[in-house]
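Please open the model in your viewer and keep the sequence panel beside it. The stops below say what to select next and what is to be found there.

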Amino acid sequence: MSWLTPTMQDLLLEALWQTTLMVGASAAIAVALGLPIALLLYATGSDGLRPTAWVNRPLGLLVNAARSTPFIILMVAIVPFTRLVAGTSIGTGAAIVPLALAATAFLARLFENALREVDKGVIEAARAMGASRLQILLKVLVPEALPGLVAATTVALVSLVGFSAMAGAVGGGGLGDLGIRFGYQRFMPEVMATVVLILILLVQGLQSFGDWLVRSTSHR
Amino acid sequence: MAEPLSNLRPSAIRLTGLRKRFAAGGTVALDDVSLDVAQGEVFGIVGRSGAGKSTLIRSVNLLERPDAGRVEVLGADLLALDEPRLRGARRGIGMVFQHFNLHTRRTVAENIAFPLEIAGIPRAERAGRVAEILPLVGLEAKRDAYPAQLSGGQKQRVGIARALASRPRILLCDEATSALDPETTQEILALLRELRDRLDLTVLLITHEMAVVKAVCDRVAVMEAGRIIEQGRVFDVFTRPAHATTRRFVAEVIGHAVPAGTVARLPAPTEGQERRLVQVVFAGPNSTRAVVSEASRDFGVDINIISGRVDEIAGEPFGVMALAAYGPAQRVEAALGWMRALGLEVTEIAP
């Protein structure tokens with residue numbers, strides 16, 4: 001274990017913290033932005049609560065465009081925007097901007113699908129009881145879809161761990177970046193193996209926690 | 001015989017000239033349907049799937065907006081209401097569904113409180129109302145259970161309790177018992193009748209099962225291809241169905257088809273005699289007379305009872321018999337004519 005010097009330990013810890021920060025912050029932003037977008041997509045869809053093609057189509061197109069752009073390209077393509085939001089285009093903070101954007105588009109679709117899974121009968125019952133559209137969205141759809149929303153968030157978190165490895169390209173740091181710089185470029189396979197191991201544990205942990213949360217929120 | 005309820009009490013639901021077509025050129029779900037349900041009655045609409053009955057009941061609270069016609073509920077013209085007022089009107093119309101449509105992540109008590117919650121009623125008051133309703137449907141012990149932990153019958157009890165939470169005057173039942181087994185169906189129907197009496201509800205229900213109509217309804221309308229083809233008091237429709245479709249529905253419940261094998265084994269008429277196979281429906285004032293022995297004695301015909309049963313529909317006795325009458329053609333005809341004159345319905349059965 002001669003490679004695991006105190007300096008290397010610090011580097012690993014710092015990289016873990018950067019990854020956690022990038023994944024956590026971008027996921028939080030993506031949930032906060034993705035849910036309203038998903039609700040809007042659901043509500044304005046052709047079989048939604050108020051079908052509105054002129055909202056649904058452009059919004060759906062935008063979400064798809066963001067989803068179909070490879071993350072590495074998205075990251076460099078929106079550099080001016082990142083500079084506007086984060087004040088810089090380099091560093092962990094700056095990496096959160098493209099990560100949040102990609103995750104928002106990804107989650108918006110996953111959330112929309114989770115909302116669609118909700119039994120139409122429950123929505124109809126709420127309509128029959130005199131619920132408004134907003135009440136149906138917030139008091140029926142979101143609570144009923146919660147286990148699905150949690151599962152979607154878990155999937156997004158796991159994907160974000162992978163995406164965040166690319167953030168090194170904009171100086172974002174993190175575990176992936178560390179693995180590339182030391183494990184690959186400096187021929188230190190031990191570092192690469194350690195990074196991969198930590199990533200596996202991280203993903204496993206996230207998935208198990210997500211699964212547990214889904215189980216404890218659904219009463220099926 | 002009692003006057004039909006509809007003549008005595010004001011109208012609860014009045015539908016006039018409803019028309020609805022799904023997609024241009026598509027099938028017609030409602031084709032000039034008019035219906036008047038009196039306050040306090042249980043009114044059934046029966047029909048095969050696709051007859052338009054679901055569209056009809058969903059028109060009452062405008063879950064489905066008809067293309068033309070008028071929908072009046074307790075005097076209010078629903079099609080004239082704006083969105084907020086319509087939501088207010090819907091709170092006065094409870095609805096129960098075939099698949100219960102409960103919130104899976106809410107407990108029994110929370111499901112029942114839901115309509116009160118969306119009506120903006122404070123939490124404490126909601127809890128009080130839930131505590132009032134739970135015993136009505138016999139679910140006190142299940143208040144904190146989730147729907148997944150309940151049986152079908154219990155789920156429907158929650159559905160009924162939820163529909164009644166905001167004290168509606170009208171209850172719509174959309175195939176409310178179709179997902180339940182026969183025993184549970186009878187339980188739920190008994191509960192509906194009891195609640196109707198206790199809470200002075202008006203109940204409009206749709207079903208494809210004539211047994212449901214027989215068990216719980218005061219009046220019935222039969223639908224086919226978007227039209228009401230027959231309607232009236234349940235007893236009248238059961239004992240004197242006018243339309244072929246109605247007859248088929250009635251036969252499901254009080255079926256009296258005579259098996260072909262039975263007919264084949266009947267003795268053939270002797271020389272100079274004839275045999276007539278008839279079905280006699282005993283209803284009305286002469287339904288308790290000793291019709292068979294009187295006919296045999298007075299007209300000199302032999303009567304062989306092939307099948308028979310006695311039933312009760314909407315609280316009135318009712319019997320149906322299949323008879324084989326033997327004798328000289330004229331005397332047999334006279335005997336059957338006498339039965340008809342007594343007000344019994346006599347129809348020929350194809351041998």
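**A tour by selection**

Begin in chain B with the open sheet, in which 6 strands follow the order β6-β7-β8-β3-β9-β10 with mixed pairing; two strands are taken to pair if DSSP finds at least two bridges between them, and helices (H or I, at least four residues) and strands (E, at least two) are DSSP runs numbered from the N terminus. This is a predicted model, in which local features need pLDDT of at least 70 and side-chain atom pairs count only at pLDDT 80 or more, while totals for chains, interfaces and linings use all residues. Residues are numbered from 1 along each chain as its sequence is written, and chains are lettered from A and ligands numbered from 1 in the order in which they are written.

Select β6 and β10 (227-233) of chain B, the edge strands of this sheet, each of which pairs on one side only. From one strand to the next the twist averages 15 degrees, where axes are lines fitted to C-alpha atoms and angles run from 0 to 180 degrees between N-to-C directions.

Next, show both chains and turn to where they meet: 17 residues of chain B are in contact with 17 residues of chain A, contact meaning that the C-beta atoms, placed from the backbone, lie within 7 Å. On the chain B side, the elements that give two or more residues are α3 (83-90), β6 (93-97) and α4 (108-118), and the largest share, 3 residues, comes from α3(B).

Then select A:L99, A:A103, A:F111, A:A156 and B:A161, which touch the most other members of the largest nonpolar core, a set of 139 residues. Such a core consists of buried Ala, Val, Leu, Ile, Met, Phe, Trp, Tyr and Cys residues joined through C-beta atoms within 7 Å. Helix α5 (residues 92-116) of chain A gives the most to this core, with 17 residues. Centre on A:F111, which, leaving aside neighbours within four places in sequence, is in contact with A:G34, A:L35, A:A38, A:L149 and A:A152.

Conventions. Two residues are in contact if their C-beta atoms, placed from the backbone, lie within 7 Å. A residue is buried if 20 or more other C-beta atoms lie within 10 Å of its own, exposed if 12 or fewer, and partly exposed in between; C-beta atoms are placed from the backbone.
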